[in-house]
Amino acid sequence: MTAAAVTLIVGFLALVLVCVKPVGLYMVHVFDGQSVWPRRAGAPLERWIYRLCGVDADAEMGWKQYAIALLVFNALGGLAVYALQRAQLWLPLNPQKFPNLAPDSAFNTAVSFITNTNWQAYGGETTMSYLVQMLGLTHQNYLSAATGIVLAIALIRGFSRHSVRTVGNFWVDLTRCTLYILLPLSVVIGLFFVWQGMPQNLGAYTEATTLKGAKQVIAQGPVASQEVIKILGTNGGGFFNAN
């Protein structure tokens with residue numbers, strides 16, 4: 001192993017250790033419903049989401065109810081991503097007029113994204129419309145990452161609550177994880193990506209001519225908003241085939 005590799009690994013581990021306590025305490029406060037400033041700012045939106053979805057934020061679930069809610073939610077998410085891929089030709093935000101995906105490819109991708117699996121069997125910029133990339137894949141990058149986090153939180157509660165039969169509320173945990181952990185990080189890092197030149201637009205692909213006279217197609221699209229949550233959520237599906 002080279003000196004540069006050792007330095008990278010040591011630096012990464014040091015950064016993780018430095019972040020453990022402040023980030024861990026912040027997550028505890030979020031999931032316990034304590035009054036941290038992001039929750040105070042987002043409280044009206046959080047309450048509106050609960051009212052819209054008919055969620056009783058004060059009602060906790062047993063582990064079976066929590067697990068059923070998790071499985072049903074992700075199954076419905078998988079069906080939605082599958083349907084978007086199968087109908088993308090007739091939906092908006094498809095400037096390249098990409099055709100609908102085949103059933104097996106659409107099913108493969110939908111399962112991969114709801115399970116947060118590092119797997120991509122398609123060429124992103126040559127297969128998926130902007131709508132599918134945003135509403136289907138980016139959306140599931142958030143929800144699958146949040147599902148993994150809240151599942152770990154529920155497990156921790158199960159170990160720590162020796163005399164209590166509940167492990168929290170899946171809908172509340174999922175909402176808080178998305179609103180107060182994943183979204184704030186994604187906005188900050190996503191803006192950094194755009195500042196550094198990563199594409200974030202809805203325009204058609206750019207056709208250019210090289211110095212040698214060859215034609216080149218340069219892919220565009222909402223790249224930064226998908227890449228940021230892909231990296232934070234450790235999901236393998238990215239905007240480009242190079243992933």
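**Figure 1. Buried residues of helix 2 in the predicted model.** Pro38, Arg39, Gly42, Ala43, Glu46 and Tyr50 of helix 2 are buried; buried means under 20% relative accessible area, exposed over 50% and partly exposed in between, with a 1.4 Å probe and protein chains only. Helices (H or I, at least four residues) and strands (E, at least two) are DSSP runs numbered from the N terminus. The cover over the buried residues of helix 2 includes helix 1 (3–31) and helix 7 (170–195). Residues are numbered from 1 along each chain as its sequence is written, and side-chain values use heavy atoms, with hydrogens and water left out. Because this is a predicted model, local features need pLDDT of at least 70 and side-chain atom pairs count only at pLDDT 80 or more, while totals for chains, interfaces and linings use all residues.

**Figure 2. The course of helix 2.** Helix 2 covers residues 37–53, 17 residues in all. From its first C-alpha to its last, helix 2 reaches 24 Å, close to the 24 Å expected at 1.5 Å a residue; the expected span of a helix is 1.5 Å times one less than its number of residues. At Ala43, shortly before the proline Pro44, helix 2 has a kink of about 55°. The bend at a residue is the angle between axes fitted to the seven residues ending there and the seven starting there.

**Figure 3. The course of helix 1.** How far apart are the end C-alpha atoms of helix 1? They are 40 Å apart, which agrees with the 42 Å that its 29 residues should span at 1.5 Å a residue. A kink of about 45° lies at Val20, shortly before the proline Pro22. Gly33 follows helix 1 and has a positive phi, near 75°.

**Figure 4. The largest pocket and its lining.** The volume of the largest pocket is about 830 Å³. Pockets are found on a 1 Å grid over the protein atoms alone: a cavity is a set of points where a 1.4 Å probe fits but cannot get out, and a pocket is an open set with protein on both sides within 12 Å along at least five of seven lines; lining residues have an atom within 4 Å of a point. Grid points are joined across faces, edges and corners, and a volume is the space filled by probe spheres set on the points. Of the 25 residues in the lining, Cys19, Val23, Ile181, Leu185 and Leu232 lie nearest the centre of the pocket. At least two lining residues come from each of helix 1, helix 2, helix 6 (130–160), helix 7 and helix 8 (223–232). Helix 1 supplies the largest share, nine residues. By class, the lining has 23 nonpolar, two polar and no charged residues; Ala, Val, Leu, Ile, Met, Phe, Trp, Tyr, Cys and Pro count as nonpolar, Asp, Glu, Lys and Arg as charged, and the others, Gly among them, as polar.

**Figure 5. The second largest pocket.** The second largest pocket holds about 350 Å³ of space. It is lined by 14 residues, and Ile49, Leu143, Leu174, Thr175 and Thr178 are the closest to its centre. Helix 2, helix 6 and helix 7 each give at least two residues to this lining, with helix 7 giving the most, six residues. The lining has 11 nonpolar, three polar and no charged residues.

**Figure 6. Leu179 in helix 7.** Is Leu179 buried or exposed? Leu179 counts as buried because its relative accessible area is 15%. Not counting residues up to four places away in sequence, Leu179 touches Leu45, Glu46, Ile49 and Pro184; contact means heavy atoms within 4.5 Å.

Figure 7. With residues up to four places away in sequence left out, Asn235 touches Ser112, Phe113, Asn116, Thr117, Asn118, Asn141, Ser144 and Lys230.
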